[in-house]
Amino acid sequence: MRRKEKAISDPSGIDAVIEKAGVCRLGMVDGNSPYVVPLCFGYQDGVLYFHSALKGLKIDIIGSNPNVCVEFDVDAEPVDADKACDWSMKFKSVIGFGKAVLIDDPDEKRDALSIIMSHYSDQPFQFPENKLAATAVIKVKIDRMTGKQSGF
């Protein structure tokens with residue numbers, strides 16, 4: 001990171017950004033083209049989980065290239081100034097890299113969906129077999145992550 005003073009180096013600080021985020025942006029590479037999609041997510045022990053339809057572009061891309069990048073940001077707001085070039089942005093963000101795999105095992109899918117739902121709700125949920133069968137679950141084990149903040 002070029003601006004070391006903006007780094008979030010404490011793992012608990014990185015986790016706090018992820019816990020506060022409502023959306024994770026999943027970046028993939030489709031041939032030579034980048035593809036980024038905002039997703040609901042769950043995070044536990046260095047692993048991200050996403051749910052998806054069984055078919056679609058992200059499923060196709062993951063099948064051909066499992067290398068992904070993820071991005072979270074929170075507390076973003078512009079910081080105004082008298083001169084245009086003096087404006088800046090207040091934010092906290094996290095970027096991570098890993099490999100995406102599709103989960104096939106119904107019990108592992110159920111656990112992953114519970115992790116996703118726990119990010120948004122304290123309620124316990126049941127996942128009927130027919131819904132599990134109709135849902136793709138993507139697992140990304142994070143290999144490395146960095147955090148950055150400005151204006152704090």
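What you have open is a predicted model, where local features need pLDDT of at least 70 and side-chain atom pairs count only at pLDDT 80 or more, while totals for chains, interfaces and linings use all residues. Residues are numbered from 1 along each chain as its sequence is written, and side-chain values use heavy atoms, leaving out hydrogens and water.

**The whole chain**

Switch to a cartoon view. You will find four helices and eight strands (DSSP runs numbered from the N terminus: H or I of at least four residues for helices, E of at least two for strands). Walking from the N terminus, the order is β-α-β-β-β-β-α-β-β-α-α-β. The C-alpha atoms fill a box of roughly 60 × 40 × 25 Å along the principal axes. Of the 152 residues, 34% are buried (buried is under 20% relative accessible area, exposed over 50%, partly exposed in between, with a 1.4 Å probe and protein chains only).

**Strand 5 and its partners**

Now select residues 47-52, which form strand 5; five of its six residues are buried. On one side, look for strand 4 (residues 42-44), which runs antiparallel to strand 5 and is joined to it by three bridges (strands pair if DSSP finds at least two bridges between them). Glycine 42 stands opposite tyrosine 49 here. The two strands form a hairpin with two residues between them, and aspartate 45 in the turn has a positive phi of about 50°.

**Into the core**

Stay in strand 5 and click on leucine 48. Is leucine 48 buried or exposed? It counts as buried because its relative accessibility is 0%. Beyond its neighbours within four places in sequence, leucine 48 is in contact with residues including Cys24, Phe41, Val70, Phe72 and Val140 (contact means heavy atoms within 4.5 Å).

Colour the largest nonpolar core next: it has 26 residues, and those with the most contacts inside it are Leu26, Phe41, Leu48, Phe50, Val70, Phe72 and Val140 (a nonpolar core is a set of buried Ala, Val, Leu, Ile, Met, Phe, Trp, Tyr and Cys residues joined through side-chain atoms within 4.5 Å). Helix 1 (11-20), strand 2 (24-30) and strand 7 (88-103) are among the elements that each supply at least two residues of this core. Apart from it lies another core, of 10 residues, among them Tyr49, Ile103, Ile116 and Leu132.

**Cysteines and a loop serine**

How many disulfides are there? The count is zero, a disulfide being a pair of cysteine sulfur atoms within 2.5 Å. For cysteine 69, the nearest cysteine sulfur, that of cysteine 24, is 8.9 Å away. Cysteine 69 counts as partly exposed at 25% relative accessibility, whereas cysteine 85 is exposed at 78%.

Finish at serine 121, in the loop between helix 3 (106-120) and helix 4 (129-133). With 17% relative accessibility, serine 121 counts as buried. Its side chain reaches the backbone nitrogen of glutamine 123 at 3.0 Å.

Methods
Polar contact = N/O pair within 3.5 Å; in protein donor to acceptor, adjacent residues only side chain to side chain.
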